[in-house]
Amino acid sequence: MSFESEVTAEKIKKVEIQGAMNVAKAALIAFSKDIIRYPDEDPHKFIEILSNARPNEPMLRNTLNWFLGESKGLEGEALLNDLSSSILEEIEAGEKRIFSYGAELIHDGMKIFTHCHSSTAVGILKEAKNQGKKFTVFTTETRPRFQGRVTAVELANCGIEVYHMVDSAAKHAIDLSDFFVFGADSILRSGYLINKVGTGIFCVVASRYDKPTYCATHTLKIASDIIDEDVEERDPKEVWEDAPSNIKIKNPAFDKVHLKYITAFITENGLKKDILP
Ligand code: RUB
C-alpha cells in the first residue's frame with residue numbers, strides 16, 4: 001500500500017496540485033495522515049518524499065516542519081488531526097489578511113496584469129471584486145502548461161473583466177496596466193524570489209516602465225533552510241512532445257527574480273518593501 005505522502009507527491013509532480021499554497025496545504029494533509037497511520041515510520045521520510053516532488057517549495061517544507069515540531073509529545077489521532085486543522089486555519093487566516101491588504105491597492109477603473117495561477121494573487125483580485133470595485137485583469141497563457149487559463153476562468157466566473165493573451169504579449173499588457181501582481185514559490189536569502197518562468201522578464205519590463213510590481217506571498221515561503229537554489233527543470237515533452245531529436249529543449253519551471261525588481265511584497269503582515277529577516 002502506498003503512503004498518502006507518495007500519492008500526494010505524484011499529484012504535485014504532475015501539477016495536478018498546483019501553486020505553492022495548494023501544494024503546502026495538500027502536503028500537510030498527507031503528512032499528518034501518514035504520521036497518524038504509521039507512527040513507527042520516521043516522519044522525515046515523508047517530508048523527503050513530499051519535498052522532492054517540487055524542489056522550489058519552502059512553504060511545503062516549513063509547513064511540514066511546523067507540524068512536526070508541534071506534534072512532539074502529542075499522541076492519538078484526534079490531537080494530531082486538531083493540530084493539522086489548526087495549522088491550516090492559521091495559514092488561511094494569513095491568506096485572508098493578504099487578500100485584504102492586496103485589495104487596498106485596487107481602485108475603480110484600474111487595469112492589472114498577472115501571470116500564471118497564483119491562488120494568492122487571485123484571492124486579492126476576488127476580494128477587490130467582492131468589495132464592489134470595477135477593474136480589468138490581463139492574464140497570460142503561461143506556456144507550456146497553461147495555468148493562466150485557470151486564472152482567467154476563475155476571475156471571469158466571478159464577474160471580473162478579463163483579457164487573456166499569449167505570454168509574449170506581456171509588454172502590451174504591462175503598458176496598459178497600473179501594476180503587475182503575482183505570487184511566489186520561494187523567497188531566498190540570496191536576494192532572489194522564485195516564481196513561474198516569465199516572472200523575471202515581466203518584472204524587469206514593468207520596472208523599466210515604472211509600473212509597480214507586487215509579489216503576493218505568505219512569509220512561510222521564505223526559505224530558511226537554504227541560502228540559494230536552482231530552479232526546477234521539467235520534462236522537455238511539456239514544451240514540444242515530438243521535437244526533432246537534434247533539438248535540445250529547455251523547460252525551466254520557474255524564474256529567479258532579483259528582489260530589486262519588486263516594488264513591495266503583499267504579506268499576511270501587510271505591505272513590506274523588505275521581506276527577508
Ligand atoms: C505556480 C506559480 C505560482 C506560485 C504561487 O507554478 O508559480 O505563482 O506557486 O502560487 P506551478 P500561490 O503552476 O508550476 O505550480 O499564490 O497559489 O501559492
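Mentor: The following conversation covers domains, salt bridges, cavities, a pocket and some backbone details. This is a predicted model, in which local features need pLDDT of at least 70, side-chain atom pairs count only at pLDDT 80 or more, and totals for chains, interfaces and linings use all residues. Residues are numbered from 1 along each chain as its sequence is written, and side-chain values use heavy atoms, with hydrogens and water left out.

Trainee: Into which domains is the chain divided?

Mentor: There is domain 1 (4-97) and domain 2 (101-272), with bounds that come from an automatic or database domain assignment. Their centres, taken over C-alpha atoms, are separated by 25 Å.

Trainee: How many residues are in contact between domain 1 and domain 2?

Mentor: Domain 1 contributes 21 residues, in contact with 27 residues of domain 2; contact means heavy atoms within 4.5 Å. The area buried between the two domains is about 1900 Å², and carbon and sulfur atoms give 45% of it. Gln 18, Asn 56 and Arg 97 supply 31% of the area that domain 1 buries against domain 2, more than any other three residues. Buried area is the accessible area (1.4 Å probe) that two parts lose on being put together, summed over both.

Trainee: And how many salt bridges are found across that interface?

Mentor: The rule finds 2 there, while a search of the whole structure finds 14. A salt bridge is a side-chain nitrogen of Lys or Arg within 4 Å of a carboxyl oxygen of Asp or Glu. One of the salt bridges in the structure pairs Arg 61 with Asp 225, with the closest N and O atoms 2.6 Å apart. Another joins Arg 37 to Glu 4, where the closest N and O atoms are 3.8 Å apart. That pair links distant parts of the chain, since Arg 37 is in helix 2 and Glu 4 is in helix 1 (residues 4-13), 33 residues apart.

Trainee: Why does the largest cavity lie between the domains?

Mentor: Domain 1 and domain 2 both give residues to its lining, so the cavity lies between them. By class, that lining has 6 nonpolar, 10 polar and 5 charged residues.

Trainee: What about the second largest cavity?

Mentor: It contains about 70 Å³ of space. Its lining includes Arg 143, Pro 144, Lys 196 and Glu 238, and it divides into 4 nonpolar, 3 polar and 5 charged residues.

Trainee: Is the peptide bond from Arg 143 to Pro 144 cis or trans?

Mentor: That bond is cis, with omega near 5°. Pro 144 lies in the loop between strand 2 (136-140) and helix 7 (147-157). Elsewhere, Val 15, in the loop between helix 1 and helix 2, has a positive phi near 60°. Most residues other than glycine have a negative phi, and most peptide bonds are trans.

Trainee: Lastly, which residues lie nearest the centre of the largest pocket?

Mentor: They are Ile 35, Pro 39, Ser 71, Leu 74 and Leu 80, among the 16 residues of its lining. About 260 Å³ of space lies in this pocket. Helix 2 gives the largest share of the lining, 3 residues. By class, the lining has 9 nonpolar, 3 polar and 4 charged residues.

Conventions: On a 1 Å grid over the protein atoms alone, a cavity is a set of points where a 1.4 Å probe fits but cannot get out, and a pocket is an open set with protein on both sides within 12 Å along at least five of seven lines; lining residues have an atom within 4 Å of a point. Grid points are joined across faces, edges and corners, and a volume is the space filled by probe spheres set on the points. Helices (H or I, at least four residues) and strands (E, at least two) are DSSP runs, numbered from the N terminus. Ala, Val, Leu, Ile, Met, Phe, Trp, Tyr, Cys and Pro count as nonpolar, Asp, Glu, Lys and Arg as charged, and the others, Gly among them, as polar.
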